[in-house]
Amino acid sequence: MLAIAAVCVTIAPAPAFAQTSPKKAPVDCSAVKCIALTFDDGPGQYAGTLLDTLKKYDAKATFFLEGQYAKSRPQYVKRMVAEGHELGNHSYRHPDFTKSSEATIKAEIQQTQDAVKKAAGVEPKLLRPPYGMTDVRVSEIAEQFGMPQILWTAGSEDWASKNVEAIQKQTLAVAKPNAIILMHDWVKQTVDGMPSLIKTLQHKGYHLVTVSDVIKEEKLEPGDAFPLPQGWEQ
Ligand SMILES: [Zn+2]
């Protein structure tokens, strides 16, 4: 069973404006309310608009990139790193790893590492297998690459609804401290609704941070999956 940390309910102060704090201390997610928005399958065609919004509201996010799009849209990958966001590996062409050969899985991961490195000079340290599908064999390969597997605590269902109001409603319904929310920067309505969604989350006291910020206390090892998929035992 997953241990759920007890959460103290406190009145959160209004978020400080970035320009009034010259040197910001790192966010401590064991002390303040944090949430990690994650964007899969990109960089998508609306990534530039999304990055503008994140910058405007001083919010950080995590992008689980497909290698094929890191290759075709390297300018966004570069911006993501320069603007303080976290990058993860989401395969090169998005096959279901649990139905792929070991050689294919390894090539999908490595080609994506290479494409991201070429675009932005860094290599992702987190893996999100396509569809969140993993098993013992995939976990062993993730371990060989030195990466924990990051799934999500809840989805925005943005790819299904493609509706600004529905995406906001669903995301706010599943928002909780240290939540990892699945979204997509190829869904236009997700990007369109992001300014108002971020404002609402910040008014509720949330700090929008990277996945590594919210999993700090989990002490994940390479190959671990988090949160544990249903039916898995620790
Ligand atoms: Zn995906």
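Reader: How many aromatic pairs does a search of the whole structure find?
Author: Happy to start there: searching the whole structure, which is a predicted model, turns up 1 aromatic pair.

Reader: What makes the pair of phenylalanine 39 and phenylalanine 63 stacked?
Author: The ring centres of phenylalanine 39 and phenylalanine 63 are 5.5 Å apart, and their planes meet at 25 degrees. Rings pair when their centres lie within 6.5 Å, and planes under 30 degrees apart count as stacked. Both conditions hold, so the pair is stacked.

Reader: Which parts does that pair tie together?
Author: Phenylalanine 39 sits in strand β1 (residues 34–42) and phenylalanine 63 in strand β2 (residues 62–65), so the pair links parts that are 24 residues apart in sequence. Phenylalanine 39 and phenylalanine 63 are buried.

Reader: Which residues are the protein donors of the zinc ion?
Author: They are Asp41 (OD), His90 (NE2) and His94 (NE2), lying 2.1 Å from the zinc ion.

Reader: Why do histidine 90 and histidine 94 count as buried?
Author: Buried means under 20% relative accessible area. Histidine 90 has 1% relative accessibility, so histidine 90 counts as buried. Histidine 94, at 15%, is buried by that rule too.

Reader: And aspartate 41, is that buried or exposed?
Author: Aspartate 41 is buried, as its relative accessible area is 13%. This residue belongs to strand β1 and has a positive phi of about 75 degrees although it is not a glycine. That is worth noting because most residues other than glycine have a negative phi.

Reader: Lysine 162 has a positive phi as well; why is lysine 162 called partly exposed?
Author: Its relative accessibility is 42%. Partly exposed covers what falls between buried, under 20%, and exposed, over 50%, so lysine 162 counts as partly exposed. Lysine 162 lies in the loop between α6 (158–161) and α7 (164–174), with a phi of about 45 degrees.

Reader: How do you know that cysteine 29 and cysteine 34 form a disulfide?
Author: Their sulfur atoms are 2.1 Å apart, and the cut-off for a disulfide is within 2.5 Å. The count by this rule comes to 1 disulfide. With -85 degrees about the S-S bond, the link of cysteine 29 and cysteine 34 is left-handed. Cysteine 29 and cysteine 34 are buried.

Reader: What puts lysine 33 over the face of tyrosine 206?
Author: Lysine 33 lies 4.5 Å from the ring centre of tyrosine 206, and the distance part of the rule asks for within 6 Å.

Technical notes: Residues numbered from 1 in each chain as written. Predicted model: local features only at pLDDT ≥ 70, side-chain atom pairs only at ≥ 80, totals over all residues. Heavy atoms only, no water. Donors = N, O, S within 2.8 Å, 3.2 Å for Na, K, Ca; no water. Buried < 20%, exposed > 50% of the residue type's maximum accessible area, 1.4 Å probe, protein only. Phe/Tyr/Trp six-rings, centres within 6.5 Å; stacked < 30°, edge-to-face > 60°. Helix = DSSP H or I, 4+ residues; strand = E, 2+ residues; numbered from the N terminus. Lys NZ or Arg CZ within 6 Å of the ring centre and 35° of its normal.
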